[in-house]
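Keep the structure open as you read.

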Amino acid sequence: LRPRGEPAREQQLTAEQVFREYGPRVYSVAWRLLANDADAEDVTQDVLVQVVRKLGTFRGDSALTTWLYRVTVNAALAHRRKRAQCKERPLSEPVARSLDGTDRAGPVRHWAAPPDEQALSRELRQLIEAAIAGLPALYRDVYVLSDVENLPNAEIGAMLGLSLPAVKSRLHRARGLMRTALAPHFEEVAG
Amino acid sequence: VIDCRQLAGLLLGFLERELSEQDLGLVREHLAGCPSCAAHVASYERVVAWAGQLPRLPVPVQVLHDLRRAVGELRADGFSSN
């Protein structure tokens, strides 16, 4: 058995398969880490060309996936360092007003609404993406790799050069910041 | 029985599912009797769950176009990727 949608790996992937299967993963990580379209596009191109060049060296999908994350994170961090000033993705005005709390007239929902009301709407996705982009980079990196990409903390620590306690601490802080950023849009249900 | 301040000290371990049975019991007992902390934990867990539901983003068409061209240039240089 193999994960749904994963092709057998008896044969080497083609470049088109790499772009289709791994491109969105690479682009999503880069876009969320860098909070900038152009930088994410540069990183995606660099990483996917590297993948195509090294295709013959991987044994199995897990090896490729692990390597892919490491290369993507390294490329994104290097890109960020090269930037004298990190260009943050501009937020749409309504999202920006929502995030800074100046728009209190928007819909207020319960944090713990029933699951069938919790599917991510386009509006909610925008809010979450904007909140992620608004995190300080040191928290954003850990948050994206952990809660969005679901990577193990130990692997995140290895990628970012952090101890396990440091990863956990930053993750806890990042989640708290996310909660704070999103709180104006939701109301507590506690009595 | 622990108070709200003590709960805060155990929260990270609780959310990472790393507490001992004894501490886990203390946290559960507190949450059962403290709607405010229960709501806070629920909202925190909701934030975590939402992040995991974010979709992957499609690679922009122009980037795919540039990638195909780059791979074509690799092939022209003698590289084979099938």
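Buried means under 20% relative accessible area, exposed means over 50%, and partly exposed lies in between, with a 1.4 Å probe and protein chains only. By that cut-off Lys168(A) is buried, because its relative accessible area is 17%. This is a predicted model, in which local features need pLDDT of at least 70, side-chain atom pairs count only at pLDDT 80 or more, and totals for chains, interfaces and linings use all residues. Residues are numbered from 1 along each chain as its sequence is written, chains are lettered from A in the order in which they are written, and side-chain values use heavy atoms, without hydrogens and water.

**Chain A: layout and confidence**

- Chain A has eight helices and two strands. Helices (H or I, at least four residues) and strands (E, at least two) are DSSP runs, numbered from the N terminus.
- From the N terminus on, the order is α-α-α-α-β-α-α-α-α-β.
- Chain A has 191 residues, and 48% of them are buried.
- Mean pLDDT for chain A is 80, and 71% of its residues reach 70 or more. pLDDT is the predictor's confidence in each residue, from 0 to 100.
- Over residues 1–10 of chain A, pLDDT stays under 50.

**Nonpolar cores**

- A nonpolar core is a set of buried Ala, Val, Leu, Ile, Met, Phe, Trp, Tyr and Cys residues joined through side-chain atoms within 4.5 Å.
- The largest core has 66 residues; Phe19(A), Tyr143(A) and Met178(A) are among those with the most contacts inside it.
- Helix H1 (residues 15–34) of chain A gives the most to this core, with 11 residues.
- A second, separate core has 14 residues, including Leu7(B) and Cys34(B).
- Leaving out residues up to four places away in sequence, Tyr143(A) touches residues of both chains, among them Ile132(A), Met178(A), Val47(B) and Ala51(B). Contact means heavy atoms within 4.5 Å.

**The interface**

- In all, 37 residues of chain B are in contact with 48 residues of chain A.
- The two chains bury about 3,800 Å² between them, 66% of it on carbon and sulfur atoms. Buried area is the accessible area (1.4 Å probe) that two parts lose on being put together, summed over both.
- Trp50(B), Leu54(B) and Arg56(B) supply 18% of the area that chain B buries against chain A, more than any other three residues.

**Lys168(A) and Glu18(B)**

- Lys168(A) sits in helix H8 (residues 164–182) of chain A.
- Beyond four places in sequence, Lys168(A) touches Asn153(A), Leu12(B) and Glu18(B).
- Glu18(B) lies in the loop between helix H1 (4–15) and helix H2 (21–33) of chain B.
- Glu18(B) is partly exposed, with a relative accessible area of 44%.
- Beyond four places in sequence, Glu18(B) touches Lys168(A) and Gly13(B).

**Helix H4 of chain B**

- The buried residues of H4(B) include Val63(B), Leu67(B), Ala70(B) and Leu74(B).
- Seen down the axis of H4(B), its buried residues fall within an arc of 160°, so they line one face of the helix. The arc is that of the directions from the helix axis to the C-beta atoms.
- On the other side of H4(B), Val61(B), Gln62(B), Arg69(B) and Ala76(B) are exposed.
- H1 and helix H2 (37–53) of chain A are among the elements covering the buried residues of H4(B).
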